[in-house]
Amino acid sequence: MPSEENIDNSEEEVMNQYRPRRSSQLKVDIGGLPDEDSHVNVMCFDLVYFTRPAQFIILSAGVFFFYLLYGYFQELIFTLPGFGGYGWYLTLIQFFYYTIFGQIEMLLRGYTRKVPLKIYTSLAITTVATMGFSNASLGYLNYPTQVIFKSCKLIPVLIGGIFLQGKRYGLLDFVAAGLMCIGLILFTLADSQLSPSFDMTGVLMISLALVADAIIGNVQEKTMKQYTASNAEIVLYSYAIGFVYLFLLVAVFTDIASAIHYCSYYPKETYGYAFIFSVTGYLGIQIVLGLVRQFGAFLAVTVTTFRKAFSIVLSFLIFSKPFTYHYLYSGALVLAGIYINMYAKDKDNACLKACQKLLCRIRRFVYIPRIQFHQEKPRTALNV
């Protein structure tokens, strides 16, 4: 993942100076940004001419739009009768699409490979595990339960940091992980009692996907920093090599002929929906990276967390499934753990301080002081 940029949040002019690059183009330099990052490129569009609030609104709307479509079509595919056992074949299709998208972006932007292939051979393994177990778990779990689990990446990161790297964490990190664990347990228990499709196999799969996701994030960040690799390069070679791994895995350990035969009966609902949720997932990744780069990780996590909460609400509204109030407080515990974790990482974040001030003002506005009425004593000659 790209490193966070230190962006000046004070109100100043968006354009400091104009320096021509060519006879027909102008380069716009934004105050607070280094020269090499003076352009805000998202999906081949440059948002540098918009104000910062407008950039945030556009990026946030993009996150909601693409990822809500991604979640909708992903869950819609698994509502097909008998599709629950073909999650790994769906992942194979998704890897194929991502490889095509990455190659197209590399060609359009004129990028070349900078990272040695041997690094991608190991990175592809964790990529296959993350996507494969995550998709396959939907055959055994409700979509809201999967989303809740995927929101708790801190837990394997914390455990791996302690035992593998000997890191030390603060009290708030353990409090956040504890709240996430309690919320996950309560949410899973509620789902096991209500959902007819609940299976502990799904819990195991999404847990393995969570561990692989925690590993892949660290490896990607280290690779991009060491070799200054682009996002398109990481995506292309990770998913291209992963496609080869996954094809061998699906061909040997699953009934790929049965999966192909099944999808031939529902080409629109399988290959078509998979194409849509692959496109939206790929574009959503680009927008989230742009949001992190321009506004920092805390604000990006805030937007993506609200998106996940909205996805869960839509999942209950669109796809009929049982509901219990246990989902509410267990999800709230996970949400509290996420924000305690972000607070522990970046206590001086300007956005965090602004949220604290807003909450303080709301508390003052809502708080109604107790008014005591004292009965006035009658005025007499003694107390005049």
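Colleague: Where is Asp-199 found?
Modeller: The model is predicted, and its residues are numbered from 1 along each chain as the sequence is written. Helices (H or I, at least four residues) and strands (E, at least two) are DSSP runs, numbered from the N terminus. Asp-199 is found in the loop between α6 and α7 (200-227).

Colleague: Does Asp-199 count as buried, exposed or partly exposed?
Modeller: Buried means under 20% relative accessible area, exposed over 50%, and partly exposed in between, with a 1.4 Å probe and protein chains only. Asp-199 has 31% relative accessibility, so it counts as partly exposed.

Colleague: Which residues is Asp-199 in contact with, leaving aside neighbours within four places in sequence?
Modeller: Asn-142 is 57 residues away in sequence, with its C-alpha 9.8 Å from that of Asp-199. Contact means heavy atoms within 4.5 Å. With neighbours within four places set aside, Asp-199 is in contact with Tyr-140 and Leu-141.

Colleague: Is α4 roughly parallel or antiparallel to α6?
Modeller: Axes are lines fitted to C-alpha atoms, for helices over the stretch in contact, with angles from 0 to 180 degrees between N-to-C directions. Under 35 degrees counts as roughly parallel, over 145 as roughly antiparallel, 65 to 115 as roughly perpendicular, and the rest as oblique. The axes of α4 (residues 143-150) and α6 (residues 171-194) come within 10 Å and cross at roughly 170 degrees. That makes α4, relative to α6, roughly antiparallel.

Colleague: How many charged residues does the contact of α4 with α6 have?
Modeller: Pro-144, Thr-145, Ile-148 and Phe-149 in α4 meet Leu-184, Phe-187, Thr-188 and Asp-191 in α6. Ala, Val, Leu, Ile, Met, Phe, Trp, Tyr, Cys and Pro count as nonpolar, Asp, Glu, Lys and Arg as charged, and the others, Gly among them, as polar. By class, this contact has five nonpolar and two polar residues; the charged count is one.

Colleague: Which residues is Ser-330 in contact with, leaving aside neighbours within four places in sequence?
Modeller: Ser-330 belongs to helix α12 (residues 326-345). Its relative accessible area is 0%, so Ser-330 is buried. Beyond the excluded neighbours, its contacts are Gly-183, Leu-186 and Phe-187.

Colleague: The backbone oxygen of which residue does the side chain of Ser-137 reach?
Modeller: Ser-137 is in helix α3 (residues 117-137) and counts as buried at 0% relative accessibility. Not counting residues up to four places away, Ser-137 touches Gln-146, Gly-202, Met-205 and Ile-206. A polar contact is a pair of N or O atoms within 3.5 Å; within protein, one must be able to donate a hydrogen and the other to accept it, and residues adjacent in sequence count only if both atoms are side-chain atoms. At 2.7 Å, the side chain of Ser-137 reaches the backbone oxygen of Ser-134.

Colleague: With which residue does the side chain of Glu-75 make a polar contact?
Modeller: Glu-75 lies in helix α1 (residues 52-77). At 10% relative accessibility, Glu-75 is counted as buried. A 3.0 Å polar contact joins the side chain of Glu-75 to that of Ser-315.

Colleague: How many nonpolar residues does the contact of α1 with α10 have?
Modeller: The axes of α1 and helix α10 (residues 267-295) come within 8 Å and cross at roughly 155 degrees. The two helices are therefore roughly antiparallel. Their contact includes ten polar and two charged residues, and the nonpolar count is 20.

Colleague: Is the crossing of α2 and α8 left-handed or right-handed?
Modeller: The axes of helix α2 (residues 87-109) and helix α8 (residues 231-253) come within 8 Å, crossing at roughly 150 degrees. α2 and α8 are therefore roughly antiparallel. A crossing is left-handed if the near helix is turned anticlockwise from the far one by less than a right angle, and right-handed if clockwise. That of α2 and α8 is left-handed.

Colleague: What percentage of the residues in the protein is buried?
Modeller: The secondary structure comes to 13 helices and four strands. Of the 384 residues in the protein, the buried share is 44%.

How values were computed
This is a predicted model: local features need pLDDT of at least 70, side-chain atom pairs count only at pLDDT 80 or more; totals for chains, interfaces and linings use all residues. Side-chain values use heavy atoms; hydrogens and water are left out.
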